[in-house]
Each structure stands twice: as structure tokens, then as C-alpha cells.
Amino acid sequence: MSDVLIKIEDVSRIFPVPGGEFTALKNINATIDKGSFTILKGRSGSGKTTLINIVGCLDYPSKGKVFIDGREVSNLSERERENLRRRDFGFVFQSVSLMPSLNAYQNVEFSLRLAGHKIDANTQKRVKDCLKMVGLGNRMTHMGAELSGGEQQRVAIARAIAHKPRIIFADEPTAELDSAMAANVTQLFRTMAEKEGITVIMTTHDVGLMDAADSIIELESGERINV
Amino acid sequence: MFRLMLQKMWHKKWMTLSLLIGCILLVATAISFPLYQKAAYDRMLQDEFNMIVSKEGRYPTVLSVATFSKRDKSGMVKKIEDFMDTVYDKVGVTEKQTVLYYILQKTPLRSDMNREDAGDIGVALSGITDLENHVNIISGEGFSETGMDENGCIEVLVSEDSFLREGLLLGETLTYEALTDVNGNPIRIVIKGIFRVPEDDMYWQENSEKISFRAFMKMDLFHEMFAGDNISKYTVDCRFYGFMNYDDIIYEDISGIVKNTKYLCEKSAFRSVIDDPLYMDTIDGYQRKINRISATLIILQVPVMIMLCAFLLMISGQMYEMERNEISVIKSRGSYRSQIFRLYLYQGVVLALAGGALGIPLGVLFSKMLASTRNFLEIEPSFALPVVFTKNAFIYLAGALLLTLLSITLPAIKHSKVSIVDLKRQKAMSKKSLWKKLYLDIILIGVSVYGYYSFHKNMTDLSKNVLQGESLDPLLYISSSLFILGLGLLFLRIQPYIVLGIYNLGKRFWKSASYISFLENMRNARKQQLIMLFLIMTVSLGIYHATVARTILSNALENTEYLNASEIVIKEAWPLSYNPENKAEASYVEPDFTKYQTMSIAKQTARVMIDDAGYISFKNSDRQVVTIMGIHTKEFGQVTNIPDGLLEKPYYEYLNELAVTPGGLLVSSNFKSKHGYKVGDSIHFRNKDGKEAFGTIVDFVDYWPGYTPVKSVTDADGSISEQENFLVVTHFDMLKQRFNGQPNAGVQPYEVWIDLREDATDRDFLEWVEENEPVVVKYASRDDNLQNTLEDPLLQGTNGILTMGFIVTILLCAIGYLIYWIMAIRERELMFGVLRACGFHKGELVHMLINEQIFCGVFSVLAGIGIGKLASKMFVPILQQAYASENQVLPMKLITNAADMYRLYGVIAVAMLVALIVLIGILFKMNVTKALKLGEE
């Protein structure tokens with residue numbers, strides 16, 4: 001019996017729009033187990049990104065609560081949420097999100113600096129290991145622009161795991177990749193979850209990737225349709 | 001298309017606004033120059049003419065024609081008379097008065113009274129236009145209606161001098177025996193009146209001695225009897241004076257006047273009878289001054305214009321940069337290049353026109369500012385400047401509009417070529433800047449340092465050239481600008497290494513914010529180059545220009561102050577009193593001096609006997625002109641001073657040395673350096689009347705109140721040579737004693753030097769003069785001359801343009817800097833979003849921004865300060881030579897005003913702070929989730 005790490009309780013998100021409101025999420029309830037690989041599934045506009053942003057402490061719910069390890073995070077101060085993000089979370093975004101002025105190695109090292117690690121032989125080894133793990137051991141000094149889309153996304157993954165976060169949030173990380181590469185990246189997340197004990201939450205609309213998931217939360221028009 | 005353009009402009013309203021500001025400033029700066037120039041040059045022209053009036057006492061614009069008509073049958077005189085009617089139009093001026101002056105050949109004149117004492121009387125019968133209005137009749141009366149008395153005698157007026165010399169009697173009749181009227185009757189005249197010529201009447205073109213040999217009859221009558229149809233029967237000396245209205249002449253008239261006058265004097269039918277007009281020399285001097293000023297001011301204005309164009313290019317470049325995607329998409333979808341270009345052309349036209357409309361009133365304001373600049377960054381609206389739009393102003397306006405249009409649209413040509421494919425390719429490549437590959441920085445520094453050394457070596461030639469009226473060598477100014485630019489570029493080359501060095505120093509310890517800002521800065525070095533260069537140039541040119549402006553003006557003012565050794569100098573006319581027994585023996589009558597001492601507005605007064613035409617015979621050379629100065633040491637010390645550092649010892653010590661040595665002399669240092677004199681040597685010298693005195697040298701002085709050691713003299717061929725001036729200073733009373741017993745002995749005419757009370761001005765003094773009516777032969781006011789120096793168009797224009805340029809560039813710099821950084825943040829919004837998502841605190845963002853500002857802004861400012869100071873130290877001493885006037889006496893000093901520097905740093909600090917605050921505002925308002933969405937195109 002695995003432990004519940006994340007508990008989403010009746011979360012709604014309403015955006016003001018010209019002439020009214022738009023309900024992006026409606027009364028979402030879910031639990032995510034520690035060390036699991038969860039996929040948020042749904043079509044474009046179904047609310048996946050909104051939900052992952054709320055759970056990842058990038059956004060606040062309009063209603064409802066989010067608990068991580070039994071502690072409510074949806075009412076934390078900005079500062080506490082920032083600390084949570086830099087130490088306990090790792091993010092992978094759909095678009096290219098590497099620092100353009102940093103090379104692959106520096107991008108990964110940066111997340112260690114952010115998490116407050118002192119840069120020494122250990123951290124250097126960790127950076128290299130992470131890059132090797134994503135299969136880029138030989139391209140560490142390349143700048144982002146010199147890598148392909150898939151390679152960039154793999155650097156982003158290495159960056160997301162380098163500081164050993166508890167949770168990785170990946171928002172459509174495979175959207176811009178071909179299906180082989182997408183499967184490859186998804187497999188990588190799967191391995192992370194298993195090897196490093198990291199909880200991975202990933203959004204995707206690609207049905208072909210669902211097999212890898214431990215659990216699936218499916219959204220449609222802001223509502224959860226599978227329980 | 002037009003709507004698309006307006007939409008586009010509205011969408012980027014801040015950039016559009018910046019472009020508009022650039023256009024307005026460019027137009028305003030460009031037209032302010034001709035507007036100011038016009039007003040200043042008109043004023044200068046009037047100053048030149050007025051100077052002739054006050055210094056030489058003659059009418060400045062007269063064209064005189066003279067012919068000697070000996071029974072002339074050719075009708076030349078009539079032709080000249082007709083010519084004089086049209087001469088004003090021919091020259092291009094207006095008429096004040098035409099004066100005809102006819103003198104009959106002198107023939108024997110005998111009194112009808114058969115007086116024994118009356119011999120041959122030497123006055124020639126003459127007629128001159130409008131005589132009655134230019135003489136004061138002191139005895140007798142003026143002409144009657146007909147000009148003849150009832151006996152048919154011609155009425156004549158004679159001057160007091162001829163009346164006395166010839167022993168004439170009022171009412172006496174005289175006969176020219178050899179002169180007859182057309183009917184063969186001898187001419188008889190009657191002395192109707194005696195006149196005196198008013199002293200300051202510039203109508204008279206002859207001196208009073210010559211006038212005393214004329215007997216003036218009524219001009220109409222003269223013309224009827226001896227000229228006109230009868231001219232062929234007489235021998236007449238005919239002179240024609242065309243007095244032109246000089247107060248109507250403006251700057252634009254000058255070239256026409258010169259051309260027309262040259263034609264009249266060299267090519268016209270009257271060329272042989274026209275005297276060389278003196279006004280041509282005046283105008284020639286004026287034109288040389290004007291040319292020098294124009295060239296200098298244009299050179300000073302060019303960097304400002306370049307900065308303005310660079311600003312427009314930079315902003316419009318940024319704008320295209322932002323629109324690159326849109327442009328290349330439009331282009332890939334099949335839009336013609338010309339369509340895209342037209343879009344930007346229309347935008348340029350709209351902006352240029354708007355800039356023109358708003359820039360003209362601002363330009364008027366700028367020109368007024370130029371005329372009100374008293375010192376660098378000191379504007380005091382006191383001088384009225386009439387604003388007149390001349391052809392020149394319109395040419396400048398058109399030029400400015402064209403430049404604006406070009407600066408805005410040129411980048412579009414480049415960009416309209418690029419399609420989306422090229423764009424992606426370009427983005428992937430990060431080329432090294434062209435200037436780096438060409439080593440432009442090194443080349444510029446090399447060229448300018450070469451210029452520096454060659455100018456430095458030829459510094460004396462440089463000042464000579466300038467005194468000869470040549471304009472400031474543009475190369476000199478360009479050298480300093482190239483030097484600044486070269487060093488600025490060199491700094492850009494090494495700046496990334498400096499950042500890298502600092503980064504490497506603490507590579508392991510940098511917190512994430514510092515870490516990322518280091519890497520961002522190194523990575524974006526090339527993008528930042530332009531704005532950094534802009535900053536460096538603004539700061540260093542600001543410092544350089546501040547130093548130039550301060551130095552030239554301070555030196556000129558200090559020099560004026562030195563040459564005007566006391567606040568007021570006044571000299572009265574000293575009448576001579578003849579010894580009734582021996583007419584050769586005369587002595588001066590001293591005007592009352594106590595009236596100055598008791599004057600309520602005077603603090604101190606001193607009697608100073610100055611004779612600048614004394615002479616001395618040196619041991620080994622010919623007679624040498626020497627200035628002799630007789631002073632009361634105590635009085636003199638109270639009204640004069642000498643700036644510190646000019647003399648080896650404090651000024652008062654010299655005065656004390658003289659005071660305690662009866663018969664002592666202070667002499668100029670060239671006595672020692674040129675003729676080997678030493679302390680204790682005895683010197684004999686004579687004043688201008690030949691009276692001799694002697695004394696013993698007690699000390700040598702390099703400078704002395706009012707003394708010019710070396711004078712630049714313009715030779716006849718226009719070349720400049722240096723002339724040593726020798727000075728002997730001694731006791732007033734000693735001179736008096738030594739001169740005693742010699743002709744015209746006793747007190748010699750002296751000047752009174754006055755130090756006014758703090759609350760009194762030279763105006764109060766002039767009021768005093770009006771009340772007390774001393775007969776003044778010399779008057780000088782230090783304040784007057786300082787004011788003239790301040791208003792000297794070369795100095796004022798230089799200060800004005802440098803001040804205006806400084807304000808404009810700093811404004812551009814602030815706007816440019818802000819725009820650059822806003823763009824830089826907008827471009828990196830995604831990156832900031834990622835950083836925030838990864839838990840970057842807002843404080844860290846601020847930290848990062850501050851770091852970036854330091855690497856980009858603060859580094860540039862510091863480099864600019866260093867470069868500006870170095871350039872000032874090297875080039876200002878050379879440049880100021882170009883501003884030195886011919887009466888520059890004091891050694892030049894490099895002047896920097898701390899307040900200028902603080903003002904400069906303050907403005908820049910405020911600009912950077914504002915930029916930082918705005919940027920922080922933008923970053924804090926940024927929504928993380930929205931920023932992240934940005935990437936998902």
C-alpha cells in the first residue's frame with residue numbers, strides 16, 4: 001500500500017474574462033501516490049495545465065485545497081511556495097525552457113544552485129550523472145540552440161531531477177516531439193519515478209503514452225471524468 | 001496600408017513616442033543653429049560698425065568718389081552725380097545721405113578793404129551738401145535764401161581756425177581776382193558767418209585743418225554757378241560721399257555688398273574714381289570672424305546630430321527587431337518587398353512631419369537658449385534674440401527632415417529583404433561584430449593619437465592660424481571624437497573579459513541570481529554594444545564638452561579680468577597751459593583728482609601714469625618701445641590684483657619692494673631674458689615726449705596688471721608675428737621729479753583706476769560721470785568687457801551648443817537606455833517565467849537586474865568617465881588654443897567644474913535608477929503562468 005503524497009480537494013479555478021467568468025476547473029478531487037507516475041490526460045483546453053499549475057504552486061485555486069504530504073500548500077505565502085518550488089519540485093515545460101545563455105551543463109547545475117547546493121565535486125558529479133542519465137553525456141557543453149528539440153527537452157528533464165526534487169511536474173513535455181522521441185522521454189520519466197523515487201505528474205493529450213502511467217486523471221472541460 | 005501602419009504604431013506606442021522625440025530633437029537642434037547664427041551674426045555686424053564709430057570716430061559705411069575736373073567737357077562730373085543717385089541700389093544698401101563736396105581751384109583772394117595786414121588769403125571757394133546742419137555757427141549767421149547779398153557778393157561761411165589764421169573779419173568782402181563768373185565778372189564773397197565743426201559729427205570726411213582752407217558758399221548756388229552746366233568752365237575738385245545706412249545692413253546682405261562693391265571698384269565705368277571703400281576692410285574682418293565661428297560651431301554640432309541619428313537608427317532598429325517575425329511572415333506569404341518598405345516609409349514620413357511640426361517651436365526655444373547661455377549648463381534668459389527664419393533655416397529644416405526619414409526607414413530596407421527562412425538562419429548564427437574583426441577600435445585610437453601628437457607639436461602654429469582668421473581645424477575636433485569613440489569601442493572589446501574575470505573569481509560561490517546575470521551578460525554582450533557605446537559616448541563627450549566649455553570661457557574671462565586690471569579706468573583730457581613769456585614752454589593742467597576720492601561709490605582710487613610709447617635704448621640693440629607706468633604703490637595695490645600662481649612671489653611683495661626703494665624699478669622679465677639685465681642694474685628711459693628718467697631694477701615681473709608680455713601683430717601681408725612688450729614700473733612721484741625741468745614738465749596726464757564698492761556698478765559710475773561732466777578721453781569698465789566676452793558669439797555659441805548638445809544627448813541616452821532594457825526584458829519574458837517557476841524569488845530578480853545594470857550601465861559610465869577625463873586632459877589644451885583671442889595673455893589653464901561633473905553623474909544616476917524602477921515594475925507585474933505560455937507558440 002503506497003502513501004498518498006498529493007491530495008487535491010474540490011479544486012476549482014475561475015478566470016475573469018471580458019464580460020464574465022470562465023471556469024477552467026470545476027470541483028476536482030484526486031490523490032497521487034508517492035513515487036508514482038501520474039498522467040493528466042485531456043484535450044487541449046480541458047484544464048490540464050491549469051491543474052498542474054495549481055498543484056505545482058504556480059497558481060492558486062479559486063476554491064478548494066491542495067495538500068502535499070498532508071500539508072496544505074494552496075494557502076502558503078508566495079515565499080514559501082517559491083521555496084517549495086526550488087527545493088522540492090522540478091519542472092519540465094512544453095516549450096523550450098532552457099536558459100538561452102547557459103549550456104547544457106550550466107542549465108543543470110543552475111537548478112542545484114537554486115536549490116541551495118554548494119558547487120563542489122559532488123554536485124559536479126551529480127550534474128554529469130543526470131546528463132548521462134538522459135543520454136547527453138557527450139553534449140554537455142552545447143548551448144540550447146545547438147541541440148535538437150528532443151535533446152533540449154532531455155536537458156530540461158536532467159535539470160528538473162538534478163536537485164533530487166520530490167515531485168516533477170511536466171506540462172506536455174512531448175508535445176513538440178515525434179512519437180518515438182515522445183515514448184523515449186516518457187520512458188525516462190518512468191525510470192526516474194522508479195529509480196529515484198520521484199513522483200512524476202505529466203500532462204499529455206497523447207493517448208499512446210498512457211500505458212506507462214501508474215494512474216491517470218482524465219479531464220474534460222475542466223471536470224474530471226474518470227474516478 | 002495606412003491603417004495597418006497606424007495600428008502598428010499604436011501597438012508600439014512607446015517606441016513610436018521615442019522615435020517622435022528623436023525626430024523633434026533632431027529638427028529642433030538642426031534649426032536652432034541657423035536661427036541663433038542669424039541673430040548673433042546680425043548683432044556682431046552692428047557691433048563691428050559701432051566699434052568703428054566709437055574707436056575711430058568715423059562713419060563706417062561710406063563710398064567715396066573723387067574726381068578732379070579740369071574744364072571737363074566729357075561730362076564726367078554729371079555722370080558721377082547721376083551715379084551717386086543709384087549707387088545705393090547698386091551696392092544693395094539704403095541711402096542715409098549723399099554729400100557732394102566741390103572745391104574750386106584755389107586762386108588769389110584779396111580783401112576789398114585794402115587792409116594792410118591782409119595778405120594773400122588761402123581759402124578756396126567750396127560748396128558742400130547740407131553744410132548748415134553740420135556746423136555750429138559761433139559768430140555771424142547762416143546763408144540767406146539766395147546765398148548772395150544785395151551787392152551780388154557770394155555769402156560764405158568759414159571755420160574758426162581759418163578765421164583766426166587768415167585774420168578775416170565778419171562781414172568783410174573779398175574778391176577772387178582770377179575767378180570770374182560765366183559773364184566774366186570777378187567773384188566777390190562776403191564773410192557771413194564763422195563756424196566750428198562739432199567734434200563727433202561723422203559727416204565730415206576731412207580734418208579740421210583742411211576745412212580751414214575752404215570758404216563754403218551755399219551748395220545750390222555753387223552748383224548753379226560753377227558746376228552743373230558750367231562745370232566745363234572751371235577747375236573743380238569734386239568729391240562725392242555716399243553714406244549708407246549701416247544699421248539696416250544684415251548678415252545676408254554682406255555677400256551681395258561685397259560682390260557689388262568689388263564690381264564697382266574693379267569693373268564698372270567708375271572704377272578709376274572710386275576710392276577703396278574702408279567698409280570693405282571692416283566686412284572682410286567680420287567675414288573672417290564669421291567663418292571661424294561658423295566652422296567651429298558646426299564642428300561642435302556634428303556629434304550631437306550624429307548621436308541623434310544613431311538614436312533614431314537604434315530605436316527604429318529595435319522596432320524592426322520586434323517586428324521581424326511579422327515582416328518575415330508577411331514576406332513569406334508573398335508580400336512585395338516594396339509593400340513592406342512602403343509601410344515603413346509612410347511611418348517615417350508621418351513621424352518626420354510630426355517631428356518637424358513640433359520641432360520648429362522647440363528649435364526656436366533652443367536658439368533662445370543658445371543666446372542665453374552664460375556658461376556651460378548655465379542658462380540665463382537675459383539677451384533678447386529676435387528669431388528670423390532665413391533661407392538657411394529652411395535648408396537646415398529640410399536637411400533635418402530628410403535625415404530623420406532616412407534614419408527611420410533605412411533599417412527597413414535591410415529587413416524587408418529577410419524572409420522567415422533567412423531569419424531562422426540568422427538567429428542561429430552569432431557573428432562577431434564587423435568592427436571587432438576590422439580592429440576599428442585600434443585603428444581609431446591610432447589615428448587620433450597620431451593627430452594628437454601632430455597637433456601638440458604644432459600648437460603655436462595652430463594659434464597663429466587661428467589668429468589669422470582661419471577656422472578651427474576640423475581634424476582637431478575629429479581627432480578628439482575619434483579618440484573617444486576608439487576607446488569606447490576598445491572598452492566594449494574588453495568588457496566581456498572583465499565580466500568573465502569577475503565571474504571566474506567567484507565561480508563556485510555565486511548565488512543563482514549573480515550566476516545567471518554573469519552568464520546572461522557575457523552571452524548578450526553583442527546586443528548590448530550599441531547602448532553601451534551610447535552611454536560611454538554620452539558620458540565621455542559630456543565630460544569633455546564640459547571641460548572644453550569651462551576652460552575656454554574661464555580662460556577668456558580671466559584674461560579679460562587681467563587686462564582690465566581695475567574695475568574702472570578713466571582718463572580725462574588734460575589741457576596745456578602755455579607760459580605767456582615762452583610759448584614753447586607749456587605744462588599740463590591737472591584735473592581735480594579729489595572728486596574721485598570723495599566719490600561715494602568708489603572704494604579705492606589710484607592714479608596711474610601710463611605711457612605706452614616711451615622708449616629705451618638697450619645696450620646692444622636699437623631703440624625699443626617701452627611702456628612706462630608710474631604708480632603710487634599703496635593706491636595701486638588697493639585697486640589691482642594678480643591671479644595666484646602667475647608671479648613667483650605674492651603680488652604685494654613686488655609692490656613692497658618698489659615701495660621701499662626710492663628710484664626703484666620693476667621691469668618685465670624680458671629685460672632679463674632678452675637683454676641680460678639683472679637686479680641692481682640702472683636703466684635710462686624716455687617718455688613719448690622725449691623726457692628722460694632713470695632708476696634701478698629691484699625685480700622682474702612676468703605679469704603685471706594690464707600688461708601684455710607678448711603681443712601678436714598682424715603684418716601688412718596678413719601674417720602673424722610676435723612682438724615683445726617691455727614694461728617699466730616705477731613711482732609716480734619719481735617720474736614727476738625726474739621729468740621736472742624738462743619740456744612739458746610736472747605731472748603727466750594719468751589715468752584714474754577705481755575699485756567700486758560692492759553695491760555699486762559701472763552704471764552708477766556712468767551716472768556720476770554724467771553729473772560731474774569730466775572731459776573723458778578714455779573709459780574702460782571691467783564689467784562691460786566681461787559682459788562682452790560672455791556675449792562673444794564664438795564663446796557663447798560654443799557654450800550654448802555644448803550645453804544644448806549635452807542636454808539632448810543625455811535625454812537620448814536616458815530614453816535609449818530605458819527602451820533597450822524594456823526590450824531586453826520583454827525578449828526574455830519566457831526565461832524570467834521559467835526562473836520564477838523554478839522558485840526564483842522576486843528579490844533575486846531585482847538582484848539579477850541590478851547586476852545586469854552594473855555590467856552594462858555602471859561599467860559604461862565608469863569607462864565614459866575615464867575616457868572623458870583622458871580626452872579632456874589631452875585635447876582640451878590644444879583645442880583652447882583655437883579659441884584664444886589675439887589678446888590672450890595669461891597661460892591657459894584646464895578648468896573642470898566639480899558641479900558640472902556632479903550634475904552629469906546625477907542625471908545619469910537618475911536615468912539609470914528610473915530605468916531600474918520601471919524594469920522592476922515590469923518584472924513584478926509579469927504573470928508566471930502567462931509568461932510560460934509565451935513559449936507555446
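Visitor: What makes the six strands of chain A a sheet, and in which order do they stand?

Guide: The order is β6-β7-β8-β3-β9-β10, in an open sheet of chain A with mixed pairing. Strands are DSSP runs of E with at least two residues, helices are runs of H or I with at least four, and both are numbered from the N terminus. Two strands pair if DSSP finds at least two bridges between them. This is a predicted model, in which local features need pLDDT of at least 70 and side-chain atom pairs count only at pLDDT 80 or more, while totals for chains, interfaces and linings use all residues. Residues are numbered from 1 along each chain as its sequence is written, with chains lettered from A and ligands numbered from 1 in the order in which they are written.

Visitor: Why do β6 and β10 of chain A stand at the edges?

Guide: β6 (89-92) and β10 (223-224) of chain A each have a single partner strand, so one side of each has no neighbour in the sheet.

Visitor: How do you know that β6(A) is joined to β7 of chain A?

Guide: Four bridges join β6(A) to β7(A), residues 167-171, and the two run parallel. F89(A) has I167(A) as its bridge partner in β7(A). Four bridges meet the requirement of at least two.

Visitor: What is paired with β7 of chain B?

Guide: β3(B) (109-111) is joined to β7(B) (173-180) by three bridges, antiparallel. β8(B) (186-196) is joined to β7(B) by five bridges, also antiparallel. L174(B) stands opposite S111(B) and opposite I189(B) in β8(B).

Visitor: Why is the crossing of α13(B) and α15(B) called left-handed?

Guide: A crossing is left-handed because the near helix is turned anticlockwise from the far one by less than a right angle, and right-handed if clockwise. α13(B) passes α15(B) in the left-handed sense. The axes of α13(B) (440-457) and α15(B) (474-505) come within 7 Å and cross at roughly 145°. Axes are lines fitted to C-alpha atoms, for helices over the stretch in contact, and angles run from 0 to 180 degrees between N-to-C directions.

Visitor: What makes residues of α13(B) and α15(B) part of the contact, and of which classes are they?

Guide: Two residues are in contact if their C-beta atoms, placed from the backbone, lie within 7 Å. Among them are L444(B) of α13(B) and L482(B) of α15(B). By class there are 14 nonpolar, four polar and two charged residues. Ala, Val, Leu, Ile, Met, Phe, Trp, Tyr, Cys and Pro count as nonpolar, Asp, Glu, Lys and Arg as charged, and the others, Gly among them, as polar.
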